[in-house]
Amino acid sequence: MGSSVLHASYGLTASRKMAGPPLNKCEIQRPRAILCRVHMLFHAIAISALLYYRISKLVHGSVPFISWTFITISEMIFTFIWVLTQAFRWRPVVRTVVRENLPRDDKLPGVDVFICTADPTKEPVVEVMNTVLSAMSLDYPAEKLAVYLSDDGGAAVTLYALKEASEFGRSWIPFCRKYEIKTRCPEAYFSSLGDAERLLWSEEFKAEEENIKSKYEFFKKNVEKAAEVEASVRPYRTPHVEVIYDTKKNEGVEDKSKMPLLVYVSREKRPSRPHRFKAGALNSLLRVSGIMSNAPYVLVLDCDMYCNDPSSAKQAMCFHLDPKMSTSLSYVQYPQIFYNVSKNDIYDGQARSAYKTKYQGMDGINGTVCSGTSYYLKKKALFGHPNHEDEFLDYEPEKNFGFSSMFITSLKALNGKEVVNEREILSDATLEEAKNLASCSFEENTKWGKEIGYSYEYLLESTFTGYLLHCKGWKSVYLYPESPCFLGCTTVDMKDALVQMMKWASGLVQVGFSRFSPLTYGVSRMSLLQSMCYGYFAFTHFFSIACLIYGIAPQLCFLFGIPLFPKVTDLWFAAFATVFVSSQAQHLYEVLSSGGSIRTWWNEQRIWMIKSVTACLFGCLDVLMKWIGVAKASFQLTNKAIDQEKLEKYERGKFNFQGAKMFMVPLSLLVLLNLGCFIGGVKGLISGRNIEEMFGQGALSLYILVLSIPILEGLIPKMGK
């Protein structure tokens, strides 16, 4: 597998030559779409009535101006985001694949796997190596597969662990292939997740399995011991590219024992040069892989998201090789599914609303958002527009891609403009050029990060790059298979969940207020419905402002006897009640129809309120501070090391607010304010206030209090101390 021609040659012509039986099926969820459209009309009428009541009362000046103005602004924000949400519900689809119609293994295109890690203390090395081993074990021809690990920490332990993983892989990969093991992540296989695969096997299998388990424990022990000694991140370093396993070693080896190319990349980092975070790492991998394997497709994985179903690559090829869609298809997105989600998912770690509802809705209107991991991307999509992928190669390619004749040649091979002779991957010239491609200065005065590769505009590199691909006319598909193709590790405490949400909120709000806003830049380049979906992701975090107002104004008015809602006996009250009940019923329907339960619905209600007035609020404030120059863009790495005590508390369904003091300040104040106002408001009702006028505010305050029970439980012990 020595050259770019080996992987690129098929990718050039496969989509043009293939014809015959279908490779995939797409089914519109008609009952769901029809029901949602009927609900849209019904809910829109109720909202219109509500807003008419609010605005007419304000115009006539017959109500307290300040409180009514604030509550009207809040309801208009809710309405704006609700309108954007309807795009997801317009045309939801479900896709399936027909793998048996794929061409033979020797006719499949090459796939490069990109795995990024940055800090061995927050991203445990053994976990990263399990992801690497699962990728190396994919059910795909070894000579068509290459795995690249980007180490942005430059830690010695990561390089050592990768070499140890390669050695263990010599035993692990043949074992998986021989017995057709599906769980090809060693840690998962030797846990309870792999129990089903150990049934009804022979004594020979049990003996081999015991031997493999012994080797894995030895490998794991060595890596963990090394991590205790050397797990520090090197802040500044020179580029380091090392081939850990060269496929030339596969010569004369039987197919079941062949291993893919394995490469370690640690790009250069200097204090005077911009580092570009994960986007910079991915662009470096694009260049380094270009002169080594040059596969036309790439699988991008987070370091804690291992390959659970080894057939994921072939499933993705059922779309990439479909002649009806391949010319405009940029990536195939899989859902992020987590193995450590408890039955009572109190933090909504599974993100059911996104992966089981919104992504299917976007898939029906030219493609879903790129989530940053678990997607198979066509490399050429990052280098131009559909049917014009080579536009930057036609004129002065060095000014666009950088001064590397070897890399330019690989791009020409990828686009069918040049045939490259076989060359040794381990040659000194190739490795030296790879280091040059991973240097800080290589991208200077080029279009990398601007018009080529992953965008450097915002920290949410994959999501924003996927958005730009859709703006250029590329499409994507979303595949939610019955068996999860990828499994990861979700956050198990409040602090990490809120830090992660704040990072997303900050990045997405920045896009919403930039020149790339989906409602201006996007709507002129893609369909209205698709731009509405992207607009939802960019502006949904303004729920925090609406929730903040709704968490303060009605409660204070309830305390002082100022009515904000119609009398419960008034016909206009029906509009408010209908909007509330209708939205709750829609949410409940989506939860139940996607396999959730009443408990799931309640947990999502609760965590949505908590995240809105904490992480989303801080995310919006972060954008404001960056805009006025108080703060700078920074990359916050999510902690993926699992604390056993936190895990046990999470599995019991108990909220863990430890370490989340910053987030808890506004949340605690709002809950205490709501409690005090509710008690004071009820006393006012007892002393003779009009119950009909104050019923709406009292019911709202009670509803928020019930949602806030976990926060109150967390506050009571502290107040006691």
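Start by selecting strand β7, residues 297-302: 6 of its 6 residues are buried, so the strand is largely enclosed by the rest of the structure. Buried here means under 20% relative accessible area, with a 1.4 Å probe and protein chains only. Strands are DSSP runs (E, at least two residues) and helices are too (H or I, at least four), numbered from the N terminus.

A note before moving on: this is a predicted model, in which local features need pLDDT of at least 70. Residues are numbered from 1 along each chain as its sequence is written.

Now show the side chains of β7. Tyr297, Leu299 and Leu301 point one way, while Val298, Val300 and Asp302 point the other way.

Which strands pair with β7? Strands pair if DSSP finds at least two bridges between them. Select β3 (residues 111-117), which joins β7 in the parallel sense over 6 bridges; here Cys116 has Asp302 as its bridge partner. Then select β11, which runs antiparallel to β7 and is joined to it by 4 bridges. Look for Val300 opposite Tyr375 in β11.

Zoom out to see the open sheet of 8 strands, ordered β5-β6-β4-β3-β7-β11-β9-β12 with mixed pairing. Its edge strands, β5 (240-245) and β12 (475-478), each pair on one side only.

Next, pick helix α14 (residues 461-471), which packs on the sheet and touches β9, β11 and β12. Touching means heavy atoms within 4.5 Å.

Last stop: helix α12 (residues 405-414), whose buried residues include Phe407, Ile408 and Leu411. Gly416 follows α12 and has a positive phi, near 75°.

Methods:
This is a predicted model: local features need pLDDT of at least 70, side-chain atom pairs count only at pLDDT 80 or more; totals for chains, interfaces and linings use all residues. Side-chain values use heavy atoms; hydrogens and water are left out. Buried means under 20% relative accessible area, exposed over 50%, partly exposed in between (1.4 Å probe, protein chains only). Axes are lines fitted to C-alpha atoms, for helices over the stretch in contact, and angles run from 0 to 180 degrees between N-to-C directions.
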